[in-house]
Each structure stands twice: as C-alpha cells, then as structure tokens.
Amino acid sequence: MIYADITGWGRCLPPAVLSNADIETLMDTSNEWIVSRTGIQERRISHVTNAELARVASTRALAAAGISAEQVDMIAFATSTPDECIPNTASILQNALGASNAAAVDINAACTGFVYSFNMMSDMIRAGSIKTALVVGSERLSSLMNWSLRESAILFGDGAGAIVLQASDNEAGFVAGKLGCVPDTRELLAVPDFGLDAIAQFRPLDVSIVFSGQEIFKKAVKGMGDACEAVVAEAGLGLDDLDLIIPHQANARIVEAVVRRIGGDMDKVVLTLDKYANTSTSSIPIALIEALEQGRVKPGMNILFTAFGAGLTWGASLLKWGERVTPLGETDISLPPTDKTGLDLINAAIARRQAYEQTN
Ligand code: COA
C-alpha cells in the first residue's frame, strides 16, 4: 500500500495589513458589523502577483520537506485568481521554482480548490502514477474586489499556502475524501465578467464578486456538513476520533454552524480568519501551517479539511498526520519589501479603476 504523506509545508502572507478601521474609510460599514457578522478583524493585501506569493510559500514547503524542486512530479495550483490563464499560472510557478520535471496544472474549484487538489494529488500518489506533488493554494483576491461593494469587499484577503505530498510506506496522509458541486446554484456566487465570454462580447470590464450571502451560507453549512459526515463514516471513525478540524475560513458563523451540525467540538477547530479573512484556496493550508507552528498538530492526529466555494463546490478530506511536525529545513526566501500599507495599495487600485471607467 502506498500512502501520500505530507512532508513539507510553507505559507506566505504579504506584509501590508488592511484593518476593518481602514475599510471604514472606504465604504459605509463598521468594525462592529464586520466582526459580529464574520469574525474578521483584518486581512492582508498583496503588493506582488499571485505566482510570487505561491513561489515563496512553495520554496518554504520544499525546504521543509528537504527536497529540491527537480524532485516534484506534479504541481497542482489551486486558485480563483490566476495571474494568467494561457499558459496557466502553475507553469509560471514551475518556471520560477525550477521544477523542470513537474507537470503543472491550475485547479479551479473556487474556494474548494485546495481540498479538490489535495484529494486528487493524494489519489495519484496512492495509485502509483506520481511520487511527489506540490499542492498550492494561492490567491490575490484584492485584485478582484470592487471596493464600492461593501457586502463582498470586507470578506477577502490575499495569501498563499503550499504542502508537499510524498509517496510513503508509513500509514499517513489522505484517508478519505468527498467532493461535490450543488446543481443550479452558479448564480449565487460569481464573477460574471471574468472569462472569455465577456471578452468575446467586448463588454466593458466590470469584474466584481456578486453573491447572495444568506443563500450561500445555508448551502455551505449543508454541503460541508454532509461532506464531513461522509468522510468520517468512510474512514470508519466517529466524530470523537477527530483531533483537528481545519475548515475553509469564510465566516466564523458558518464554521460554527457546520461544527454544530456535525456535533463537533469548536475547541478542535483552527480559525485564522480574524487575521487573514477569506483567502479562498489558501485558507486551509494557511490555517494548517498556523496549527503546526502553534504546536497543535501532533503525530498520528486525525485531521479534517472541509471547504465550499463558487459553483457551489464543496468537499472534505480526512487525513492522518505522520510522524514529523517540524520542518526538515528552512530557507531565507521572502517577498520583496514594500513601504505601502494595505490602505495605500487599495486606494491605488481604486484610482486605477476610476481612471479606467472614465476612459471606457
Ligand atoms: N457593513 C454594514 N452593513 C452591511 C454590510 C457591511 N459590510 N454588508 C451588508 N450589510 C447590511 C445589509 O445591507 C443588510 O441591511 P438591511 O438589513 O438593512 O437590508 C444587513 O447588513 C444584513 O445583511 P445580510 O446579508 O442579511 O447579513 P448576513 O448576516 O447574512 O451576513 C455575510 C452577510 C455576507 C457576511 C454572510 O451572509 C456570509 O458570510 N455569507 C457567505 C459569504 C460568502 O459567500 N463567502 C464567499 C464564499 S467562499
């Protein structure tokens, strides 16, 4: 039996912080509303591309696994905000890392992309078709925001997380997974002009996230709840056997509702959305790495990932952590410095959008 052990991990959070107080200067909202409805206090805003965030997180993950980029057979780049579509953003990362032996694929399942990628890459390793995978969740969601829409602009942040999966004889890694997509819900959460149809029609650029928050909320709780119950049952475990629950970080109230629905324990949940908000595909690896750094991950633990996103996609993964909870190696790689605050970066983006709208 071949297992797909997690042997390396790394994350990259851009330094510029955008607090709720900063957002109060941009739109009609309040820190009190945002904290009480979402749990979010601040988020990070990137001054570099999505692929650059991914490069730093991935380099840290490879160092933690103690392997070179040439040893990677496959890069799965989960993202909702690709820098480029053709060629894909995974190939930018492949080039930047020097991962010359790796296949490179972008995986778009919106915020569920990391769970999809983790399950798919683990299955490829378990089937024997590859030995080493780099699974990345990386986002520059700030570039997608319309800062005049308060219902969406408060929710998201930028960041990247990466893990290395390696074939192993040790009983560790992926145990069970469940993926799905709720039919007839595409319009509940969408970026309508983010594709070739809008370009083919020469529609003026108007990229904004639109969504029906409450409808998504209900479907997210059901989708993630069902997925969690399915993977726990498939693994022959009970809820008490779970040691850590690492959910997609969209809204603290959604997480609490899922945990309540499955009868889980909030003390076992890793929450980072107060600091980083919803970073889409990167929210689970960022939270996993935070848990590792805090010493919350112990050898042999049963860990549950669960996520939902536009589609509406949903999924869960159950895994058993291996023996090692510390990195094998480290790297001094970091992002290029910036003296810009989050608010500086967003005000510049707003000015660029206004200039575009005046000329189109
Ligand atoms: N600041 C202040 N008020 C706001 C606001 C903001 N940023 N955004 C919305 N409101 C107002 C609404 O206009 C509404 O006012 P009204 O009662 O006068 O009509 C009121 O707050 C309640 O809005 P509602 O949408 O019912 O709030 P909610 O409790 O459902 O919370 C979300 C809204 C978006 C936080 C919540 O529904 C959610 O998290 N949904 C899922 C989010 C999602 O899809 N994330 C991405 C998927 S991965």
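**Figure 1. The side chains of Ser 280 and Ser 80 form a polar contact of 3.0 Å.** A polar contact is a pair of N or O atoms within 3.5 Å; within protein, one must be able to donate a hydrogen and the other to accept it, and residues adjacent in sequence count only if both atoms are side-chain atoms. This is a predicted model: local features need pLDDT of at least 70, side-chain atom pairs count only at pLDDT 80 or more, and totals for chains, interfaces and linings use all residues. Residues are numbered from 1 along each chain as its sequence is written, and side-chain values use heavy atoms, with hydrogens and water left out. Ser 280 sits in the loop between α10 and α11 (283-293). Helices (H or I, at least four residues) and strands (E, at least two) are DSSP runs, numbered from the N terminus. Ser 280 is buried, with a relative accessible area of 1%. Buried means under 20% relative accessible area, exposed over 50%, and partly exposed in between (1.4 Å probe, protein chains only). Leaving aside neighbours within four places in sequence, Ser 280 is in contact (heavy atoms within 4.5 Å) with Ser 80, Ala 110, Cys 111, Glu 139, Leu 141 and His 248.

**Figure 2. Ala 110 has a positive phi, near 50°, in a residue other than glycine.** Ala 110 lies in the loop between β5 (103-107) and α5. Its relative accessible area is 11%, so Ala 110 is buried. Ala 110 is also one of the residues that Ser 280 contacts. Gly 113 belongs to helix α5 (residues 113-127). Gly 113 is buried too, at 0% relative accessibility. Not counting residues up to four places away in sequence, Gly 113 touches Ala 78, Ile 107 and Thr 281. From Gly 113 to Lys 275, the C-alpha to C-alpha distance is 21 Å, across 162 residues of sequence.

**Figure 3. The ligand has 20 residues around it, and Thr 29, Arg 37, Arg 150, Gln 214 and Asn 251 come nearest.** A residue is near a molecule or strand if one of its heavy atoms lies within 4 Å of it. A polar side-chain atom of Arg 37 is 2.8 Å from an oxygen atom of the ligand. For Arg 150, a backbone N or O atom lies 3.1 Å from a ligand nitrogen atom. The side chain of Asn 251 places an N or O atom 2.7 Å from a ligand oxygen atom. Taken alone, the ligand exposes 970 Å², and the protein buries 74% of that. Accessible areas come from the Shrake-Rupley method with a 1.4 Å probe; for residues, only the protein chains shown count as cover. Helices α2 (31-38), α6 (150-153), α8 (213-234) and α9 (252-262) each supply at least two residues of the shell.

**Figure 4. Helix α9 begins beside Asn 251.** A side-chain oxygen of Asn 251 reaches to within 2.8 Å of the backbone nitrogen of Arg 253. The buried residues of α9 are Ala 252, Ile 254, Val 255, Ala 257, Val 258, Val 259 and Ile 262. Their cover includes α2, α8, β11 (244-247), α10 (273-276) and β12 (302-309). Just after α9, Gly 263 takes a positive phi of about 75°. Thr 272 is found in the loop between α9 and α10. Thr 272 is buried, with a relative accessible area of 2%. Not counting residues up to four places away in sequence, Thr 272 touches Gln 249, Ala 277, Ala 287 and Glu 290.

**Figure 5. Strands β1 (residues 3-12) and β7 (residues 159-168) run antiparallel, joined by 9 bridges.** Two strands pair if DSSP finds at least two bridges between them. Tyr 3 stands opposite Ser 168 in β7. Strand β6 (residues 132-139) also pairs with β7 in the antiparallel sense, over 8 bridges. There, Leu 134 has Val 164 of β7 as its bridge partner. In β1, 10 of the 10 residues are buried, so β1 is largely enclosed by the rest of the structure. In β7 the count is 9 of the 10, so β7 is largely enclosed as well.

**Figure 6. Two peptide bonds are cis: Ile 86 to Pro 87 and Gly 311 to Leu 312.** Omega is near -5° for the bond from Ile 86 to Pro 87. Pro 87 lies in the loop between β4 (74-78) and α4 (89-97). For the bond from Gly 311 to Leu 312, omega is near -10°. Leu 312 lies in the loop between β12 and β13 (313-320).
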